[in-house]
There are 2 protein chains.
Amino acid sequence: MSERGKLLVISGPSGAGKSTVVAKAIEGRTDICFSTSVTTRSPRPGEVHGREYFFVNFERFREMVENDELLEHAEYVANRYGTPRSYVEKRLDEGMNVLLDIEVQGARQVRKKMPEAILIFIAPPSLVELERRLRGRGTDTERAIEGRLIRARQEYQEADFYDYLIVNDDVDKAAAKLNAIIEAEHCRFGDWANWLKSN
Amino acid sequence: MSERGKLLVISGPSGAGKSTVVAKAIEGRTDICFSTSVTTRSPRPGEVHGREYFFVNFERFREMVENDELLEHAEYVANRYGTPRSYVEKRLDEGMNVLLDIEVQGARQVRKKMPEAILIFIAPPSLVELERRLRGRGTDTERAIEGRLIRARQEYQEADFYDYLIVNDDVDKAAAKLNAIIEAEHCRFGDWANWLKSN
């Protein structure tokens, strides 16, 4: 059976250690890739169309939204970003598991357009710990930290449609959980309907 | 958070290698136990009430059925067997993952009485391979083998309400999949509602 990949949507507040957990989990795996986003922002020196981003103009972006070519899209610093459905579908058909690192609002759009997507929320052990980590970084102002904490609390409240929650109290364990989720999802009964029919 | 265990219902045709896969998966784990069944059959020498089985008479068994004290029950060689709900609940509350090795009809009863149970079907790579394994054992008559194959095919058809299918083409890989499913299920978002509220 040539198995289709899974679309994995990963969200979590800044400071939850999401990128570290994901990097650890996919280390050495050749069956997982990040999706490539579409953006209206200009390429920076060295950036290649189709590698870092698909670079398009505002008109083309608007057209993609109207034609339902994007699984989700958002605006950030006066530019638009989105996930191209056709690109994701192509990678999934090739058997790749595709990762999307997006916010809760984007995940909600993906859930609607591709209900089979697997939604995973990575959280710090507690808001107290999140605050400690944000302060530890030393990169944010007091106001920025407070803003992030308010946002994190809000995200928790809104994230009730996610399939999985990984509490990142230990990076290795959290990464193992992420891999377990991917492996388990590949055993989902529905995926095996064809196998059953052939038996 | 003191986490509740999961009820894991494992089914699969004779010859799928179910017991080997389960034994391999739970090796060295102290967080998984088998459930203890209730039966009307007499204890054999050395069997202890509450260890191999809870031994009861037919009247008490009937009463358990009527009082909805069993998660599932079946008849086998003129005796009755069932899974006591209170025992399972107690182990789950203690944080143990509880395994039930039962047939598809029993699994269907469990799904109704405890919808949160996780239903896993372990299958051989194909019916052709199953036939080869059954013949390889050399323990069954030709008629018995044919009966098992017919039954396996029937079980496949009926098993469409299971959550997961593990195709056992390699015992180590199949055991790893079973453990991944258990780990993933412990990350299910719903379980974390209390955690979210406390944050």
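In this predicted model, the crossing of helices α1(A) and α7(A) is right-handed, whereas the crossing of α7(A) and its counterpart α7(B) is left-handed.

**Helix packing within chain A**

- On the side of α1(A), the contact is made by T20(A), V21(A), V22(A), K24(A) and A25(A), while α7(A) contributes V171(A), D172(A), A174(A), A175(A), L178(A) and N179(A).
- Sorted by class, the residues in the contact of α1(A) with α7(A) are 7 nonpolar, 2 polar and 2 charged.

**Relation between the two chains**

- Chain B is superposed on chain A by a rotation of 180° with 0.0 Å of shift along the axis, and the RMSD is 0.0 Å.
- This is the relation of a two-fold axis.
- The same surface serves both copies, in that 100% of the contact residues of chain B recur in chain A.
- Among the residues of chain B, A180(B) comes closest to the rotation axis, with its C-alpha at 2.2 Å.

**Contact between the chains**

- Chain B gives 19 residues to the contact and chain A gives 19 residues.
- On the side of chain B that touches chain A, the elements that give two or more residues are β9 (164–167) and α7 (171–185) of chain B, and the largest share, 5 residues, comes from α7(B).
- The residues on this side of chain B divide into 13 nonpolar, 2 polar and 4 charged.
- By class, the contact of α7(A) with α7(B) has 6 nonpolar, no polar and 4 charged residues.

**The four-stranded sheet in each chain**

- In chain A, 4 strands form an open sheet in the order β4-β3-β6-β5, and the pairing is mixed.
- The edge strands of this sheet are β4 (53–55) and β5 (70–76) of chain A, each of which pairs on one side only, and neighbouring strands are turned by 25° against each other on average, direction ignored.
- Strand β5(A) is joined by 6 bridges to strand β6 (residues 79–84) of chain A, the two running antiparallel, and H73(A) stands opposite G82(A) in β6(A).
- Chain B has an open sheet of 4 strands in the order β4-β3-β6-β5, again with mixed pairing, in which β4 (53–55) and β5 (70–76) of chain B are the edge strands and the twist averages 25° from one strand to the next.
- Strands β5(B) and β6 (residues 79–84) of chain B run antiparallel and are joined by 6 bridges, with G82(B) in β6(B) as the bridge partner of H73(B).

Terms used. Residues numbered from 1 in each chain as written. Chains lettered and ligands numbered in written order. Predicted model: local features only at pLDDT ≥ 70, side-chain atom pairs only at ≥ 80, totals over all residues. Least-squares fit on C-alpha atoms with pLDDT ≥ 70 in both. Contact = placed C-beta atoms within 7 Å. Nonpolar A, V, L, I, M, F, W, Y, C, P; charged D, E, K, R; others polar. Pairing = 2+ DSSP bridges. Axes fitted to C-alpha atoms, helices over the stretch in contact; angles between N-to-C directions. Left-handed = near helix turned anticlockwise from the far one by under 90°.
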